[in-house]
Amino acid sequence: MRLIVERGFAQPAVEGSHRRWEDFTRDLRCITSLEEFEYPPGGTYCDVLWMVDTEERFKHLKQIMASRFKKCTADPDEFAQAGWTRAMFDQVDSLVWMCRQGREWVEMPGLSHEEETSDHRVGDASESGSEDGDSDKEQAADGNPSDAE
Amino acid sequence: MARRAIAHIDLLGVRKLWKEGGAVRVRDRLREFSDLVIEQLAHLPSDLRRDGEYTVILQGDSASIICQDVSQAIGISSHLFVQAFYATDRVSRPFWLRGSVSDWHNQYLPTNSDPVTANGIHVGTQYTFEDDFLRDCTGEIRIPWNAVDCRERLCSASS
């Protein structure tokens with residue numbers, strides 16, 4: 001379940017979309033590009049992280065996601081959708097970890113943020129030890145919502 | 001108030017449902033989806049509701065929400081995504097959605113629609129009936145009289 005928006009058009013909403021949970025040392029950008037995810041050709045797009053409004057909500061939605069993921073194994077089409085959504089939750093987990101560590105990530109040009117200083121990209125957190133682990137990521141990232149209908 | 005952004009939200013899996021369960025299951029599924037959207041629009045936070053300054057168009061397995069600006073479009077879409085998750089145990093099967101937000105300048109809606117023009121300016125959109133939705137139990141296609149009348153009036157007005 002991805003919510004996509006064109007980067008330039010999203011710019012007015014970017015600043016108000018930052019979130020800082022209690023243990024963050026930097027803001028989480030709720031409108032951001034995700035390096036491992038495909039975007040429509042012919043433009044620059046980013047994802048809206050619709051599940052991260054508060055930490056409590058994200059935890060709750062992650063639990064629901066786990067339940068939905070398990071229940072859809074009998075249906076290949078639904079499993080592909082669940083896999084893609086699960087990959088998004090995992091990606092957000094990586095971003096949350098980076099916000100707790102105070103690490104920055106660099107996005108593609110076109111979306112201005114106040115701080116873009118280091119060379120850590122979205123998704124690199126797994127190599128640095130995301131708290132939930134990333135063993136499922138490659139398997140879950142096979143689905144593409146654009147192929148579903 | 002001007003509308004400058006539009007959110008498109010698609011319900012996935014309906015085509016497969018049509019093959020598996022036919023019109024009855026599709027109808028029930030679309031009803032679940034439209035119920036979710038309509039119910040949740042009544043629970044929007046005030047900064048998104050903005051005294052009703054948005055327009056929702058439900059078209060079968062998709063919803064288009066025409067908004068004042070990109071922040072409202074993203075906010076309403078995110079709200080619907082979250083609530084679709086929370087509704088997991090209340091519906092026949094989980095909702096899987098996909099969505100996009102883009103700018104809006106009275107352009108065409110993405111599916112089954114024709115432009116409505118007035119004085120050479122594109123001012124709206126008319127839903128185009130699909131044969132499957134109009135077929136009665138005998139297999140005959142019955143066009144509602146008001147649809148025919150509406151289309152004829154639009155054609156004559158635009159010509």
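**Notebook: around Val5(A)**

I started at Val5(A): leaving out residues up to four places away in sequence, it touches Ala10(A), Ile31(A), Tyr45(A), Cys46(A), Val48(A), Ile74(B), Ser100(B) and Val101(B). Contact here is two C-beta atoms, placed from the backbone, within 7 Å.

Housekeeping: this is a predicted model, where local features need pLDDT of at least 70, side-chain atom pairs count only at pLDDT 80 or more, and totals for chains, interfaces and linings use all residues. Residues are numbered from 1 along each chain as its sequence is written, with chains lettered from A and ligands numbered from 1 in the order in which they are written.

Next I looked up the strands (DSSP E runs of at least two residues, numbered from the N terminus, as are helices, H or I runs of at least four). Pairing takes at least two DSSP bridges. Strand 1 (residues 3-6) of chain A pairs parallel with strand 4 of chain B over three bridges, and Ile4(A) sits opposite Ser100(B) there. Strand 1 of chain A also pairs with strand 5 (residues 45-48) of chain A, antiparallel, over three bridges; Glu6(A) faces Tyr45(A). Strand 4 (residues 31-32) of chain A runs antiparallel to strand 5 of chain A, joined by two bridges, with Ile31(A) opposite Val48(A).

Then I checked the interface. I find 24 residues of chain B in contact with 23 of chain A. Helix 1 (14-41), helix 3 (70-86) and strand 4 (97-103) of chain B each give two or more residues to chain B's side. Helix 3 of chain B supplies the largest share, eight residues.
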